[in-house]
Amino acid sequence: MKQAIKEIIEFNKERDWDQFHSPENLAKSIAIEAGELLECFQWSPDYDKDHVCEELADVVNYCIVMADKLGVNLEEIVLKKLEKNREKYPVDKAKGNSKKYNEL
């Protein structure tokens with residue numbers, strides 16, 4: 001992912017798009033792209049995998065840009081959140097169960 005992150009940041013710098021990338025605008029863009037990802041499944045469980053992958057890439061790209069803008073290491077924050085989720089969802093209670101942590 002290091003190469004992908006580097007290229008995404010460079011892509012935006014080359015186009016002078018940083019001026020538009022406030023945390024607020026990036027959060028909006030993530031939500032918009034997530035909506036476009038969801039739209040791939042609207043009305044039918046059938047989907048075009050290539051289109052889904054393009055929309056998923058858009059979501060991930062904006063997340064990478066937001067992490068950069070906030071000055072956080074994406075891998076670190078993901079692993080930190082995963083550790084919190086391990087505590088909230090212990091295997092012995094959560095395995096095969098879709099309930100929220102406070103309902104386990």
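A charge counts as sitting over a ring if NZ of Lys or CZ of Arg is within 6 Å of the ring centre and within 35 degrees of the ring normal. By that rule, the charged end of Arg15 sits over the ring of Phe11, at 3.6 Å from the ring centre. Lys88 lies over the face of Tyr101, 4.3 Å from the centre of that ring.

The model is predicted, so local features need pLDDT of at least 70 and side-chain atom pairs count only at pLDDT 80 or more, while totals for chains, interfaces and linings use all residues. Residues are numbered from 1 along each chain as its sequence is written, and side-chain values use heavy atoms, with hydrogens and water left out.

**Aromatic pairs**

The structure holds three aromatic pairs. Rings of Phe, Tyr and Trp (its six-membered ring) pair if their centres lie within 6.5 Å; planes under 30 degrees apart count as stacked, over 60 as edge-to-face and the rest as tilted. One of the pairs joins Phe11 and Trp17 edge-to-face, at 5.5 Å centre to centre and 75° between the planes. Another, also edge-to-face, joins Tyr89 and Tyr101, with 5.9 Å between centres and 85° between the planes. Tyr89 lies in the loop between helix H4 (74-88) and helix H5 (91-94) and Tyr101 in the segment after H5, so this pair ties together parts that are 12 residues apart in sequence. Helices here are DSSP runs (H or I, at least four residues), numbered from the N terminus.

For accessibility, buried means under 20% relative accessible area, exposed over 50%, and partly exposed in between (1.4 Å probe, protein chains only). Phe11 is partly exposed at 39%, and Trp17 is partly exposed at 35%. Tyr89, at 29%, counts as partly exposed, as does Tyr101 at 37%.

**Salt bridges**

Side chains of opposite charge can pair when their charged atoms come close. A salt bridge is a side-chain nitrogen of Lys or Arg within 4 Å of a carboxyl oxygen of Asp or Glu. There are four salt bridges in the structure, among them those in the table.

| Glu14 | Arg15 | 3.2 Å |

Asp18 is partly exposed at 46% relative accessibility, and Lys69 is partly exposed at 33%. Glu83 and Arg86 both lie in helix H4, three residues apart, about one turn of the helix. Glu83 is partly exposed, at 39%.

Arg15, which sits over Phe11, is partly exposed with a relative accessible area of 36%. Its salt-bridge partner Glu14 counts as exposed, at 55%.

**Nonpolar core**

A nonpolar core is a set of buried Ala, Val, Leu, Ile, Met, Phe, Trp, Tyr and Cys residues joined through side-chain atoms within 4.5 Å. The largest one has seven residues: Ile8, Leu26, Ile30, Val59, Ile64, Val65 and Met66. Helix H2 (23-39) and helix H3 (49-70) are the elements that give two or more residues to this core. H3 gives the most, with four residues.

Leaving aside residues up to four places away in sequence, Ile30 touches Val59, Tyr62, Cys63 and Met66. Contact here means heavy atoms within 4.5 Å.
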